[in-house]
Amino acid sequence: MASNGPGTSQEEFKWKARVSWVTGERSVAYSRNNSFLIEKQASFKEKDPHPSAIEYLLGALGGDIAAGFQTVAPRFGVSIEALEISLSGQLNNSLTMLGVIGEAGHPGLETIEGRIFISTEATEEKIEKVWQSVQDRSPLFNTLKRAVKLDFSLVIVL
Amino acid sequence: MKELPLFPVTTVGSWPRSSTLLRAQRQKQRGQISRAEFDKIADTEVREVLRRQENAEVDLVTDGEQRRDNFYSFVTEKLSGVQLMTLAEMLEVVEDKAGFERILETLDVPAFAISNPTCVGPVKRLSPLTLDEYLYTRSQTDRPIKVTLPGPYLLTRAMWVKEVAQKVYPSKEALGEDVVNILQTEIQELIQAGADFIQLDEPVLTELVFTSGQTRTFMCAALSARADPTEELEFAVSLINRVMENTENVRTGLHICRGNWSQKESTLLSGSYFPLVPYLSRLKVQQLVLEYATPRAGELAALLDSPEIRAGKELGLGVVNPRTPQVEPSEAIVERVREALQYLPAGKVFLNPDCGFGTFSNRPINSGEVASAKLKAMVEAATVLRQEIAAPAQ
Ligand SMILES: [Zn+2]
């Protein structure tokens, strides 16, 4: 088996996850030296023991963008004091996910909305440039934008 | 106490901060400049705010709360046992994380931008909360001065984050004791120094009566568990009345509003003061400083139909909305005051905006220019009203 360790060339690198069903609608994902639990596809309840698949998707996109800002901003000479991203998404028709007969549409996300709150001394113009570069380099942003409308806005918080 | 004319025009306290001041505030928070360096910058800003009020001929002025980050968490650095925790930090300790997320979404703010003065040890006064602010203002103006202070209920509610505070105090009531003592001392010192008007801010009181079943948006209150409103209101009355002991030699007021963080009226609370009347009438304050420029506050009658309120209280009548860009015509303000005069004698009505013009320093809701124009509109209205009283129309 090809190792993910040193010596693997970047072109052939493949990311992997192994997901095992645990019980009920719960499964566990293993990737490299980590593991995390996933509860359901999407949940309408107020509380659950673990995040749902759709929340991991939103969280992953947010984590990707946040990390992207950290790598891109210094190249523009921008220092970021605080960064927070709120994400939300609505299914095109959640009734189709529940299997309601006769419902039109699909159970996929229609739009993912995001608010990126940044505290920085940099000008809005400069931050916009950073954000453009973050989008250009982001693996998840580029994957998802081909499938779903990504509606993100920047808010500078002093 | 200095003499005030009929229909004194005043503000509720805060004024929008300049970008220079905001930058200095952040530098102070990050330890890049000292308190003294910050105060020097703030002094200039306070003088500017005073000049604007004097130009508008405001009768009772404030320092615009220029030295504060907001109307209550500024006390943190003046007290021991209190630590400013951002909501991002609080999210780790509070149980109802989903509830928090709803609040943040409604407010459309990041958790890192909101901090709460949280009780982490025995709370004691290290230095005066507002006396220094008052003394500087006194040195810069001849006009009567209003000093605003966070109320004891607001402070207790905000500081009491159970998960953290119960390691120090057995109960919210025990913490309230120390808060009362601190405010009593502060108020006595302000009276000694000659303050003309002391206003307590207790915005959370509306949260108690208007939000059953709604998303709670008063961050300072949302941190503590929801309690029975009647009990909480009784608790608030007892705290406020103890703070107000021995205040016969100064004019006192209590400001209550429905929130002032957004220009979107729909996100702010709504409902008349009626459910609060039985409590307000028992408060040992001279004046109620209330919102009446927004329809969300309900009709004057809901408050002034009460004989106890009419007999026992002055009214700081909110006649301009601090959040809108349009300046209210002075004729409309005169009309509103005339309505109040159906219930109260002329000597009992003050004119003020519904709330501060810059409640949270990093969330300005209006510009200094619009705020000044609104002050001028109130002064115009007061002038008309004074003339009417002096020479009644035939
Ligand atoms: Zn207010």
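**Exercises: pockets and cavities in a predicted model**

S4(A) gives nine residues to the lining of the largest pocket, the largest share. The model is predicted: local features need pLDDT of at least 70, side-chain atom pairs count only at pLDDT 80 or more, and totals for chains, interfaces and linings use all residues. Residues are numbered from 1 along each chain as its sequence is written, and side-chain values use heavy atoms, without hydrogens and water.

**Exercise 1.** Locate the largest pocket and describe its lining.

*Solution.* 
- On a 1 Å grid over the protein atoms alone, a pocket is an open set with protein on both sides within 12 Å along at least five of seven lines; a cavity is a set of points where a 1.4 Å probe fits but cannot get out; lining residues have an atom within 4 Å of a point.
- Take the volume. The largest pocket holds about 2000 Å³ of space.
- Find the centre. Among 46 lining residues, Glu55(A), Leu58(A), Leu87(A), Glu101(B) and Glu105(B) lie nearest.
- Domain 1 (14-51) and domain 2 (52-157) of chain A both give residues to the lining, so the pocket lies between them. Domain bounds come from an automatic or database domain assignment.

**Exercise 2.** Which residues line the second largest cavity?

*Solution.* 
- Take the volume. This cavity holds about 40 Å³ of space.
- List the lining: Leu205(B), Leu233(B), Ala236(B), Val237(B), Ile240(B), Leu276(B), Tyr279(B), Leu280(B) and Leu283(B).
- Assign elements. H11(B) gives the largest share, four residues. Helices are DSSP runs (H or I, at least four residues), as are strands (E, at least two), numbered from the N terminus.

Conventions: Chains lettered and ligands numbered in written order. Points joined across faces, edges and corners; volume = space filled by probe spheres on them.
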